Amino acid sequence: MKMSLFYIILLIIATSACDTASQLFLKNSINSLSFNINGIRKLLRFLLKLALVPRVWFALSFSTLSLFIWLFVLSKADLNLAFSLDSMHYIFIAFGSHVVLKERVGLKRWGGTLLIVIGIVLVSLTGRG
Amino acid sequence: MFKNRLTLKILSFLVFSDILETFTHFCFKKSALPESGLNITSLHEATVFIQAMLSSGFLWIGLVSVLATFVIWSAILSKIDLSVAVPIASFSYILVPLVSIILLGEQITFLRWIGILFILAGVIMVSLSGEDKKAAIP
């Protein structure tokens, strides 16, 4: 049985929000390390140090939550449709990066991000062949 | 500080991370596919759903792939801005339809290909925005 579109959209907003929160926590943790990775050994040390940052576990929790909602959505909706609606998280990410991480999101970056969202919406508007 | 420069090396890591992510989503769709007839309205039915998914081999392959993606993704984020890395990762919107056609038997219409072109243009634009930032810092 197919779920109504409204619930699918609601669930995808939830999974996008969780994913954005997860990415912001992860990037924030990585920024706090300011580590330069070159080579496998450095990478392993980086991962070990990263695991010791408490915020990273928030990132993983949000990521897991997002994954479970996503798995549920996938069992109900077409892969293409689900991916298409998930495009809203690009706007969340651009906004979050600017507000939380103080990244400089310029006109070009916003423009490119919006082009991507338009592209994904275009993909979602077309029915199945 | 040139920390945010997007090099060819980082770009190839991003593409690899995308291929892994595409593979992950393919595995998850495969593991969720047999349960699509289930209508989950109660906690009991949710438990049945989760149990059925846990017994699928595709779910576990997908989870290993998630872990590998996480490691690569963390390495990428140590080099570039989040607001650059995430849009460029949308490259998977080009990979996923291809995989959907080949392995899941889904169909892609002409308009969808136009949408994919938009995404490609957006990815290129975001990639170039990193250079802007470098120039903006005196």
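Modeller: Contact here means heavy atoms within 4.5 Å. The model is a predicted one, and in it 53 residues of chain A are in contact with 59 residues of chain B.

Colleague: What makes up the area buried between chain A and chain B?

Modeller: The two chains bury about 4,900 Å² between them, with 68% of it on carbon and sulfur atoms. The size of an interface is often given as the accessible area lost when the parts come together.

Colleague: Why is the pair D81(B) and R109(A) called a salt bridge?

Modeller: The closest N and O atoms of D81(B) and R109(A) are 3.1 Å apart. The rule asks for a side-chain nitrogen of Lys or Arg within 4 Å of a carboxyl oxygen of Asp or Glu, so the pair qualifies. Across the interface of chain A and chain B, the rule finds 1 salt bridge. For polar contacts, it finds 8 residue pairs there, both residues being at pLDDT 80 or more.

Colleague: Which helices of chain A supply the side that touches chain B?

Modeller: At least two residues each come from α1 (5–33), α2 (40–51), α3 (54–76), α4 (79–85), α5 (88–99) and α6 (107–125) of chain A. The largest share, 12 residues, belongs to α6(A). Sorted by class, this side of chain A has 29 nonpolar, 15 polar and 9 charged residues.

Colleague: Why is S65(B) called buried?

Modeller: S65(B) has a relative accessible area of 4%. The term applies under 20%, and therefore S65(B) counts as buried. This residue is found in helix α3 (residues 57–77) of chain B.

Colleague: Which residues is S65(B) in contact with, leaving aside neighbours within four places in sequence?

Modeller: They are L20(B), F23(B) and T24(B). With L20(B), the separation is 45 residues in sequence and 6.4 Å in space, C-alpha to C-alpha.

Colleague: What makes the link between the side chains of S65(B) and T24(B) a polar contact?

Modeller: The distance between them is 2.6 Å. The cut-off for a pair of N or O atoms is 3.5 Å, so this pair falls within it.

Colleague: Why is K102(A) called exposed?

Modeller: K102(A) has 65% relative accessibility. Exposed means over 50%, so the term applies to K102(A). The residue lies in the loop between α5 and α6 of chain A.

Colleague: What is the phi of K102(A)?

Modeller: K102(A) has a positive phi of about 60°, although it is not a glycine. Most residues other than glycine have a negative phi.

Terms used:
Residues numbered from 1 in each chain as written. Chains lettered and ligands numbered in written order. Predicted model: local features only at pLDDT ≥ 70, side-chain atom pairs only at ≥ 80, totals over all residues. Heavy atoms only, no water. Buried area = accessible area lost by both parts, 1.4 Å probe. Polar contact = N/O pair within 3.5 Å; in protein donor to acceptor, adjacent residues only side chain to side chain. Helix = DSSP H or I, 4+ residues; strand = E, 2+ residues; numbered from the N terminus. Nonpolar A, V, L, I, M, F, W, Y, C, P; charged D, E, K, R; others polar. Buried < 20%, exposed > 50% of the residue type's maximum accessible area, 1.4 Å probe, protein only.
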